[in-house]
Amino acid sequence: MEKPDYRCRKEQISPSIIHITYENLTAKEGLRDITPVAFSYGGKEVLRQTLASFTQKVLYRYETDPSAMKKKMTANGEVTYAEALKKVSDKEAYEIEVRFQIGEKEILTGLGQYEDGILDYRNHTEYLYESNMRIAIPFLITTGHYGILLDSESSMVFTSKDREISFRIDAGSRLSYYVLLGEGIQDLIRAYHELTGKPSMLPRWCYGYIQSKERYESGEELVEIAEHFRKEDIPLDCVVQDWYSWEEGLWGEKKFDKKRYPDIKDVVKHLHKHHSRFMVSIWPNMSPASENYGEFAAAGELLPNSNVYNAYEEKARDRYWQQVKAEIMSSGTDALWCDNAEPFSDADWSGPEKKPEEKRYEVVRDFSQKSMDQERLNGYGLAHAKGIYENWRRDYPEKRVVNLTRSGYTGIQQYGAILWSGDITATYDTLRKQIVEGMKMSMTGMPYWTLDIGGFFVVDDAYENRGCNDTDHKPLWFWHGDYNAGVGDLGYRELYVRWLEFGTFLPIMRSHGTDTPREPWRFGQPGEPFYDAIVSHIKLRYRLLPYLYSLGAAAHRDSAMMMRALLVDFPEDERASTSVDEYMLGPSLLIAPVYTAMYYSKNSEKLEGAKKTREVYLPKGCGWYDFYTDRYYEGGQSIEADAPLDRIPVYVKAGSILPMSSDIRYADEKDGMPEVLRVYEGRDASFHLYLDAGDGYRYEEGEYALVELTYTEATHEVTQKVTGDYPVERKFRVEKVQGTQYNVLKGDKT
């Protein structure tokens, strides 16, 4: 009796998770299954698989003589490459396509973070591959009570047309996917974390202000930056050392250049004295002249045809960690910045013209598979983060893992990772698109997301300072900004302020970029509008820290989303559900970033007659308070909101409790304790205030306090109930927005 060509299995993992697998694939010419597989929620079919197609293909590996490898400097760092490779048959696999029939109206979103600011993927194609500014995660989430998670690390293409969607997986030996079912998007995120791991707890300092740029040149400069912040009384929690901390010619070496950093331990000691943490950029690719590279080469732990360590192998991950630990971590470093975590994306960094998306996809895919298994092209950043996390937790249990990384994949939220959107450009259009990309990343199950405040590339000097060939004057890449004078351009100063105001209300607040300085005092002096707006928002960030840290704890404990598209909280409001330029930060704050110039265009040209307002839609079903003036508005209407240079529109949902700090200079200054609870009346309200040591993992043993705060509209009373073993003085001033005050909370006493 012949064996079947495949076995299709449908397994109910939990009430909200169904697993579909096609295994035992033996058909040499491929196969095509059109047997429908239906998925229902609440007694109604919401999704139907209509096709599973398997086309046999041969996967290849590429070989070369190691002595023939060459190196070159790219915009993405130093890489080694081979001009001639031998293509050798490696194994058999399939190109796989799976199709579904969907409903007529649900919004299709998630899938990670890209560049184009597209919220709804209906009638759209998205290419899922890892590259600078692209974080591909094959988790489609919808407003139709279902989500689809592909269990594959291969590059793939998602396509939607009318009521049909499909995923085309480049290479795999089987088809495996999960259908997640739930009432709303938050339920689907919870199911996703049940499958892939809950988000880590970040330390409290991560929610403060992080100062970075490309790049600080010495240990002395790093200390001077922290001292300057303290001198000007500007809050700060972290200073970042970007690339080239190593000696000249030793790209990626995890040792400091002793001429510029003669005593890195002393540098970190001084930063800590100023209550500033230290983050260091590390790279997976290393110069063949470096000692780190030599260790990997001798052990045979590099990816083929590359100078990149093999993060897919545990031994290589352990070796990489030992190199990081030897000098960087042992110096007292508090955070790692795993840059270039999609190590072969430099294929997409060549040429002055932006290639069509399909071509960019093919270029990165084809280049990457010269060094990586085609079935795992998208998983490098995940494996890289896993090695950092597991080794760090073992060796430094007193410090929570913090890994700022440019690439991630399914499950990376469990590894202490913060994702950021890559080397974006300084334009208002980019700023607008980033609003959507942040919302999509959150709806792909990753709560900790940030960006380069001000855009990475600022100038448009394609023929200067870019390492271009003087003979042909062609730029290396197509990314550029609009402001050749950098901070000297009042137009850029305005854009930067707007970007920083947006960044104030993101899960992580971090300034970074090239071409021009980024410190607040580069934008003016006290009393001048740009400087004052920047400093006031950094200080506002710190007043919001009790709220933000509690949101991070809720993400860890209950999969609660931090940055939420309006469709999450207001699914029945059609106008809110399609909003692409407003979002909720936690359950209470509605944020409406400004993404148009109102004062200056580029080259410091003054704009005459430009409005200093922007339209804001306030979702129906509740009331809203202006965060700055406390003015009340009914929901379900659009208003023309004031948006002067020193603020963007922010509204608080009626029925909210907002814990806020007094003015502090760093996150741990008052151990995370709020000074005041602001109660926005109009309906009953509740909030879970989270308190713990702010770092380390003692909270896993119960050393935390979860303060359940409840406001009852009928009695105008606030009560509290506390769980956990963390000792705190639970005494706060409570302010009603309309002025009523209570000195002590009712409820259990300290």
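This is a predicted model: local features need pLDDT of at least 70, side-chain atom pairs count only at pLDDT 80 or more; totals for chains, interfaces and linings use all residues.

Trainee: Which residues are closest to its centre?
Mentor: Lys 105, Glu 106, Thr 143, Gly 144 and His 145 are the closest. In total, 27 residues line the largest pocket.

Trainee: And which element gives the largest share of that lining?
Mentor: Strand β5 does, with five residues. Helices α12 (566-569) and α13 (574-577) each supply at least two residues of the lining as well.

Trainee: New topic: rings. How many aromatic pairs does a search of the whole structure find?
Mentor: The search finds 42. Take Phe 54 and Tyr 94 as one of them. Their ring centres are 6.1 Å apart, with 85° between the planes. That pair is edge-to-face.

Trainee: Where do those two sit in the chain?
Mentor: Phe 54 is in strand β5 (residues 44-63), and Tyr 94 is in strand β8 (residues 86-101). They are 40 residues apart, so the pair links distant parts of the chain.

Trainee: Is Phe 54 buried or exposed?
Mentor: Buried, at 2% relative accessible area. Tyr 94 is buried too, at 7%.

Trainee: What about Tyr 697 and Tyr 699, what kind of pair is that?
Mentor: A tilted one, because the planes are at 40°. The ring centres are 6.0 Å apart. Tyr 697 is buried at 9% relative accessible area, and Tyr 699 counts as buried at 8%.

Trainee: Which residues do ring pairs link into a cluster?
Mentor: Trp 243, Tyr 244, Trp 246, Trp 251 and Trp 283.

Trainee: And charges over rings? What lies over the face of Tyr 60?
Mentor: Lys 87 does, at 4.5 Å from the ring centre. Another case is Arg 647, which lies over the face of Tyr 628 at 5.2 Å from the ring centre.

Trainee: Is Cys 206 buried or exposed?
Mentor: Buried, with a relative accessible area of 0%. Cys 8 counts as partly exposed, at 35%.

Trainee: Let's do single residues. Where does His 512 lie?
Mentor: In the loop between β23 (509-511) and α10 (529-543). His 512 is buried, with a relative accessible area of 1%.

Trainee: What is His 512 in contact with, leaving aside neighbours within four places in sequence?
Mentor: Its contacts include Ser 212, Lys 213, Glu 214, Asp 242 and Trp 337. Asp 452, Phe 456 and Arg 518 are also among them.

Trainee: How far is His 512 from Tyr 448?
Mentor: Their C-alpha atoms are separated by 17 Å. Along the chain, the two are 64 residues apart.

Trainee: Where is the place of Phe 478?
Mentor: In the loop between β22 (449-450) and α9 (490-504). Phe 478 is buried, at 14% relative accessible area. Beyond four places in sequence, Phe 478 touches Asp 348, Gly 351, Pro 352, Glu 353, Lys 354 and Arg 360.

Trainee: How far apart in space are Phe 478 and Asp 671?
Mentor: 46 Å, C-alpha to C-alpha. In sequence they are 193 residues apart.

Trainee: Last one. Which helix holds Ser 442?
Mentor: Helix α8 (residues 428-442). Ser 442 is buried, with a relative accessible area of 5%. Not counting residues up to four places away in sequence, Ser 442 touches Ile 189, Met 561, Met 562 and Met 563.

Key: Residues are numbered from 1 along each chain as its sequence is written. Side-chain values use heavy atoms; hydrogens and water are left out. Helices (H or I, at least four residues) and strands (E, at least two) are DSSP runs, numbered from the N terminus. Buried means under 20% relative accessible area, exposed over 50%, partly exposed in between (1.4 Å probe, protein chains only). Contact means heavy atoms within 4.5 Å. Rings of Phe, Tyr and Trp (its six-membered ring) pair if their centres lie within 6.5 Å; planes under 30 degrees apart count as stacked, over 60 as edge-to-face and the rest as tilted. A charge sits over a ring if NZ of Lys or CZ of Arg is within 6 Å of the ring centre and within 35 degrees of the ring normal. On a 1 Å grid over the protein atoms alone, a cavity is a set of points where a 1.4 Å probe fits but cannot get out, and a pocket is an open set with protein on both sides within 12 Å along at least five of seven lines; lining residues have an atom within 4 Å of a point.
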